[in-house]
Amino acid sequence: MSELERFRSDVRDWLEKNAPAELRGRPGSELEGVWGGRRWKWENAAQKLWLERCAERGYTAPSWPREYGGGGLSREEAKVLAEELRRLKLPPPVIGFGLTMIGPTLLAFGDEEQKREHLPRISRGEIRWCQGYSEPGAGSDLAGLQTRAADAGDHYVVNGTKVWTSYADKADWIFALVRTDPAAKKQEGITFLLIDMETPGVSVRPIKLISGSSPFCETHFTDVRVPKKNVVHKVNAGWTVAKALLGHERTMVAEAFGSGGGAGGKRGTLGERAKFHLGSENGRLADGVLRDQLAQLEMDTHAFALTLQRARDAAKAGHQPGPESSIFKVYGTEVNMRRQELLVRIAGPQGLGWEGPGFDPEELATTRDWLRSRGNSIEGGTSEVQRNVIAKRVLGLPD
Amino acid sequence: MELIRTEDQELIAKTTADFVSEKSPIARVRQLRDANDPVGYSRALWKEMAELGWVGLVFPDSFGGAGLGFAELAVVLEELGRTLAPEPFLSTVLLGGQALLLAGDEAAAKAWLPRVCKGDAILALAQQEARSRFDIDAVETRAERSGTGFRIRGEMIRVLDGYVADAFVVVARTSGGPRDAEGLTLFLVPKGARGLEVTRQTRVDGRNAALVKLDGVEVGADAVVGAPDAGHALLSRAIDRATVGLAAEMLGGMEQAFALTVAHLKHRQQFGVPIGSFQALKHRAANVYIELELVKSAVMAAARAVDADDPELPKLVSLAKARASDAYVLATNEGVQMFGGVGMTDEYDIGFYMKRARAAELTFGDAAFHRARWASLSGY
């Protein structure tokens with residue numbers, strides 16, 4: 001038995017003994033699960049037990065070094081662990097931006113004190129993080145951000161507003177980009193700063209969307225005092241840190257849309273839903289125009305899935321990432337938006353409900369999903385910016 | 001199914017690319033057209049391609065082929081597609097050749113495929129009629145029993161490479177109504193058969209085609225290819241494979257058309273700047289790029305599905321052809337537009353790509369046809 005096989009066998013044994021039975025078969029998702037944090041309310045005892053056991057073994061952050069609360073696993077071992085968790089359909093013990101964003105950032109750019117203070121608390125699910133980048137005046141032009149961190153000796157005084165901060169009303173800490181040098185060129189006066197949300201002067205307001213409530217918030221900073229030790233990497237070098245994180249976020253967003261396909265829901269596939277709402281003749285959708293649009297959507301979704309697969313297969317074979325990955329975010333989101341439009345059209349007049357009687361839950365969800373989907377081409381880098389990036393980086397077109 | 005090229009496939013790509021750049025530049029298309037070349041392609045180059053193993057690539061080595069697959073053939077066709085090389089892969093290797101290969105008729109295959117692999121014989125599939133559009137079952141050409149054989153009467157059009165073919169695989173109806181899938185039979189008819197009249201057609205993309213009139217052509221019982229009266233399945237399989245090959249060729253053509261266009265955007269100056277600096281053109285170019293990458297994936301998947309005998313093949317064929325059709329037309333329409341006035345001149349090459357894009361779009365089913373086919377195959 002190879003070392004890796006022995007590792008797999010140990011993991012299996014441990015999971016058999018330690019994974020609570022009621023959590024098996026409920027894999028959750030990137031947005032559903034235990035977010036943790038100071039104010040976290042446990043849904044049941046099994047969730048708490050699962051997190052504690054995994055945290056103790058380092059399985060919440062498998063690839064992080066052991067001294068920071070991670071499992072110290074190699075890439076192959078982490079893959080094995082993920083496979084074994086999937087095999088029992090177990091949810092990850094804890095999820096959130098601590099694990100996916102600020103954790104890896106601190107490992108790459110943080111100093112020893114920051115790693116020791118923040119990483120173990122992330123891995124134990126004790127502290128929940130949110131991200132403070134965009135501002136009302138700085139969306140696509142993120143480098144134009146204005147939240148000011150004024151030098152006050154041993155600390156900064158932060159004033160400004162962040163917007164689109166997901167779950168800021170539930171988070172314990174925020175990692176924010178702030179302006180420390182207003183005189184410098186805009187990218188060169190930005191600092192990556194960690195701020196405790198309980199610091200006096202931090203206030204949060206949820207943002208309601210056209211689709212209803214959302215996890216997004218406005219976060220206001222009024223004379224918030226932040227110790228200088230909370231600067232990650234170097235003062236005025238925050239843009240470097242942010243760029244690394246942004247690229248990572250865009251890949252995550254793209255892959256979320258990549259799975260596309262299969263409408264699911266009680267009424268089955270898109271074709272079945274369409275036939276249900278619009279009728280069919282001899283098994284064929286009665287509305288020829290919609291039939292064509294539906295086929296187009298499914299075909300585009302499949303071509304996109306094949307392109308994601310092509311990129312994955314190339315990566316597995318050890319090739320450098322190719323230019324095709326630049327299309328993932330823009331195309332994946334636009335296909336999803338077309339899908340949501342089509343679903344509302346298929347529902348027809350039953351797609352105009354907001355809530356209440358006369359609309360079934362799936363119809364109401366269809367309407368909300370369509371509304372929410374309009375943001376896909378805007379968030380995580382607008383489609384227009386994505387096309388600029390393709391034109392510049394892939395096609396080499398001049399500025 | 002892995003969507004990557006193997007080292008061997010990369011080597012084939014490089015060899016083909018080198019050959020094409022040396023011996024089959026885009027200029028050939030204009031030369032052949034202007035000379036009103038009687039053959040419409042180069043017999044010498046075809047022979048060289050046969051010697052390189054490309055013509056026989058997907059045929060078994062018992063017939064003198066290389067015993068490789070469509071994943072490899074797609075690579076060759078893509079490279080040839082970059083310069084619109086007109087050699088008869090579609091007619092001979094893919095349509096006629098696949099019909100003989102898949103029919104399960106040893107005698108017919110042995111009689112023709114070794115010569116095909118050597119580059120010594122051209123085959124054509126005569127299957128389209130005036131009213132058939134994209135429906136392969138719309139056949140009114142009739143084959144009636146005549147003694148121990150058959151007498152075939154009808155008019156076929158747009159027969160690819162028909163006027164240079166050494167033999168025709170003719171689709172005729174032996175029973176059933178004019179659009180029935182049941183009742184089709186494939187026959188092998190050699191050129192020069194009595195009653196066979198072949199007239200050259202001139203296409204917008206300069207490719208070879210012919211009108212083939214059969215005026216009581218008599219053939220023996222041994223001329224039947226595959227199962228009599230049940231030719232639909234064989235015809236459908238051959239055309240699906242040809243469609244994959246065409247989509248691969250289209251991918252190469254659209255990639256080159258796009259490369260020419262992007263180069264133009266970088267070099268052409270107006271108002272003191274390269275026109276590629278205008279955001280509207282950047283975004284439109286990015287859109288074409290996105291479409292190309294999707295076609296690349298679809299062609300790779302379809303080619304591998306042929307080799308894996310994947311039950312999803314018909315859907316993947318439709319995906320590849322539909323996307324390739326829309327993307328090639330988009331790339332070349334945008335290409336002509338972005339070249340501006342010179343894009344409309346015969347002197348520039350971009351027009352040849354636009355013409356080929358349209359012709360290819362309208363061969364073996366356009367995008368709308370394939371979307372309808374996808375819908376049927378998906379149960380709606």
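This is a predicted model: local features need pLDDT of at least 70, side-chain atom pairs count only at pLDDT 80 or more; totals for chains, interfaces and linings use all residues.

Reader: Good to know. What scores does the model get?

Author: The model has an ipTM of 0.94 and a pTM of 0.92. For chain B, the average pLDDT is 97, and 100% of the residues score at least 70.

Reader: How many helices and strands are in chain B?

Author: Chain B has 11 helices and 10 strands. Its radius of gyration is 21 Å, close to the 21 Å given by the globule rule for 380 residues, so chain B is as compact as a globular protein of that length. Along the principal axes, its C-alpha trace spans about 80 × 50 × 40 Å.

Reader: And what share of the residues counts as buried?

Author: That would be 54% of the 380 residues in chain B.

Reader: Which domains does chain B have?

Author: The assignment gives domain 1 (7–121), domain 2 (124–229) and domain 3 (233–377).

Reader: How far apart are the centres of domain 1 and domain 3 of chain B?

Author: Their C-alpha centres lie 21 Å apart. The contact between them takes 23 residues from domain 1 of chain B and 24 residues from domain 3 of chain B.

Reader: Which element gives the most on the domain 1 side?

Author: That is α4(B), with 10 residues. By class, the domain 1 side that touches domain 3 of chain B has 16 nonpolar, 4 polar and 3 charged residues.

Reader: Switching topic: how many residues of chain B are in contact with chain A?

Author: 32 residues of chain B are in contact with 35 residues of chain A. On the chain B side, α7 (231–267), α8 (279–307), α9 (313–339) and α11 (367–377) each supply at least two residues. The largest share, 12 residues, comes from α8(B).

Reader: What about the classes of residue there?

Author: The side of chain B that touches chain A has 20 nonpolar, 6 polar and 6 charged residues.

Reader: Last one, on strands: do β6 and β7 of chain B run parallel or antiparallel?

Author: Antiparallel: strand β6 (residues 196–202) and strand β7 (residues 208–219) of chain B are joined by 7 bridges. In this pair, B:Gln201 stands opposite B:Ala209 in β7(B). The hairpin of β6(B) and β7(B) has 5 residues between the strands, and B:Gly206 takes a positive phi near 75° there.

Technical notes
Residues are numbered from 1 along each chain as its sequence is written. Chains are lettered from A and ligands numbered from 1 in the order in which they are written. Two strands pair if DSSP finds at least two bridges between them. Helices (H or I, at least four residues) and strands (E, at least two) are DSSP runs, numbered from the N terminus. The radius of gyration is taken over C-alpha atoms; the globule rule is 2.2 Å times the number of residues to the power 0.38. A residue is buried if 20 or more other C-beta atoms lie within 10 Å of its own, exposed if 12 or fewer, and partly exposed in between; C-beta atoms are placed from the backbone. Two residues are in contact if their C-beta atoms, placed from the backbone, lie within 7 Å. Ala, Val, Leu, Ile, Met, Phe, Trp, Tyr, Cys and Pro count as nonpolar, Asp, Glu, Lys and Arg as charged, and the others, Gly among them, as polar. pLDDT is the predictor's confidence in each residue, from 0 to 100. Domain bounds come from an automatic or database domain assignment.
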